[in-house]
Amino acid sequence: MLAYLIRRLINAVLTLIVVTFVTFCVFFLVPKATGSDPALLYVGKQADPAAIAGIREKFGFNDPVIVQYGKFLKGLVFGRDYVSGADITHCSAPCLGYSFKTSQEVWPLLIDALPVTVSLAIGAAVLWVLMGVSFGVISALRRGTIWDRSVMTVALAGVSLPIYFTGLLSLSIFVYWLGFPNPSFTPFFDNPWHWFTGLILPWITLAFLFAATYARLTRANMLETLGEDYIRTARAKGLRERAVIGKHGLRSGLTPLVTVFGLDLGALLGGAVLTEAVYNLRGLGYYALNGIRQSDLPVILGVTLFAATFIVIANLIVDLLYGVIDPRVRLG
Amino acid sequence: MSLGPEAPISDEIVAPTDDAAVERTAGEKAIAGRSLRQIAWRRLKKDRVAVGGGIVILVLIFIAIIAPLLIKLFGHPFDEYHNEKIDPTLGLPLGHLGGISKDYILGVEPVNGRDIFSRIVYGAQTTLTVAFLSAFLSTILGVLFGMTAGFVGGWVDSIVSRIMDFLLAFPQLLFSIALVSVLPPTSFGLGPRWSRVLVLVAVIGFFGWPYIGRIVRGQTLSLREREFVEASRSLGARSPRILFREMLPNLAAPILVYTTLIIPTNILTEAALSFLGVGIPPPYPSWGGMLSDALQFYRYDPMFMIIPGAMIFITVLAFNLFGDGLRDALDPKAH
């Protein structure tokens, strides 16, 4: 078990290194090919050549890509100093560099944005798991009835709707017509009620789309499980229906959902780009998009690293959980 | 999803009668042999929902192909401004429902009064081109790498599987946005519209192949151990023949189903990228781009938001319905 965990952790770190390196290369090589200079992004086009040269030296834009990447990694673990003559700026670990546009440190910026994205993702996740799984299970148990058909029709519509459309619809119906407050983020510890009311609309909209997928998956898995011989055996030995479904059916029927859930939540935590864009919430996705629009490499790199970290951690947790839920799986 | 080796997808071998239900004369005792393709086709034809989805898809493809003609007949050029259709003080279309009238069957855009109908029709062209070509690219890469990994095994398999895991653990949307935004607006001597279409096809197609690759690899792994492969090998067949003539036909059903089901995902991704401003560049129309324009106007002119949104919904739904039907028709185990 311990050996497995260590091997997985090394694997996760390797994945993160590759992800950041690929991102780094894309943003290093593409500006080079199109002939733009990152130093210019810092100081603006009007700056005098000496200032540009200073910036270039300070941030090491003259170094080859591998050296720059090495310095980036070192900064992430130990912090780093940006030196240009007498001008020294210290960036303590974990250092993701400075934004090209605002000259703010990237790490604190992203840490500030994190609660928004985490609140959005966790709240929506609770809703969509509750809705998706319960609707899916009931549909499977009442297969072919009018309930099953209508739930599956709504679910099919749900998987075909994009958040950037339902988000706008929800805004125009609830905020504009019915006068609900505009979605906004209030830190939970400042005022839990405002936190809740400000996020309820994004939660429901986001959860509806995911719940649709989960209801379809749950129904399919449950139907497959309920067709197994051991369910028949459980019924034959006189177990009550509740025990058959609750104890025997759900456990193996819902196991595949754990994988999907881990991946979805991990991806969402790394920046719900579309949801945050529609509702104008300043989470990781918002900063990522802003960074991309302004060619702000340090911000983009930072968010990519965060996003990849969440996905990798989610994967790891799912695999460990699998060993607990499904006794047939041996970790080794 | 496997159809089994004993059931070829092509019906060149067994097709004694066209229709098994046809009554035979007393002397005839032949029993109709139906190939799997025939069975699947019959099932698909009976599935009214899937047929409906298929018809919608065909209509959309037809619209995309004859787009210039349609616009000549019913619309106006997609980048032509019609200021006379706009209320000069509010910037909103004159008339009800976003300016829907006989001349402008889906109304006009706020502020500049461009014809929404022709923008929708041209949007269908770009959306479908991107979705189909990227699905095609994903399928080719997925089949190529998936079959190689499953068939060769060993270190090749571990490398390919590692790459697929890595790509699935990649923040794809973020990376696609970042990549598309740094690429130059024109390339390969194409205009801004088609060169961006090409970029979108490459990005979406590339990130899509692991989904198909994983399924193909799994199927190949189990097919490799089947008797018919052993029999073929003992008759002296070389690997290419076994791969393409023996195994590929058995993989055709799952490949077809997953290619169909990846298309709606691609449509949503393309629209998302255009919505975020890194898809098809203005003034060229795309459904996602229209929705992003509607962000400023949805309160005052809801039709401007509803029309492109509904088009995305209808198209994606049609592909999902058809794909589900196709899967049920090809998979005898389902239902």
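I took a salt bridge to be a side-chain nitrogen of Lys or Arg within 4 Å of a carboxyl oxygen of Asp or Glu. By that rule I found one salt bridge across the interface of chain A and chain B. It joins A:Arg216 and B:Asp324, whose closest N and O atoms are 3.1 Å apart.

I noted that this is a predicted model, in which local features need pLDDT of at least 70, side-chain atom pairs count only at pLDDT 80 or more, and totals for chains, interfaces and linings use all residues. Residues are numbered from 1 along each chain as its sequence is written, chains are lettered from A in the order in which they are written, and side-chain values use heavy atoms, with hydrogens and water left out.

**Extent of the interface**

I looked up the contact (heavy atoms within 4.5 Å): chain A puts in 43 residues and chain B 37 residues. The buried area (accessible area, 1.4 Å probe, lost on putting the two parts together, summed over both) is about 3400 Å², and carbon and sulfur atoms give 79% of this.

**Helix pair**

Next I looked at helix 7 of chain A and helix 11 (residues 302–330) of chain B; they pack at an angle of about 145 degrees with axes 10 Å apart. Helices here are DSSP runs (H or I, at least four residues), numbered from the N terminus. Axes are lines fitted to C-alpha atoms over the stretch in contact, and angles run from 0 to 180 degrees between N-to-C directions. Among the residues making this contact I listed A:Tyr164 and A:Phe165 from helix 7 of chain A, and B:Met305 and B:Ile306 from helix 11 of chain B.

Definitions and conventions: Helices (H or I, at least four residues) and strands (E, at least two) are DSSP runs, numbered from the N terminus.
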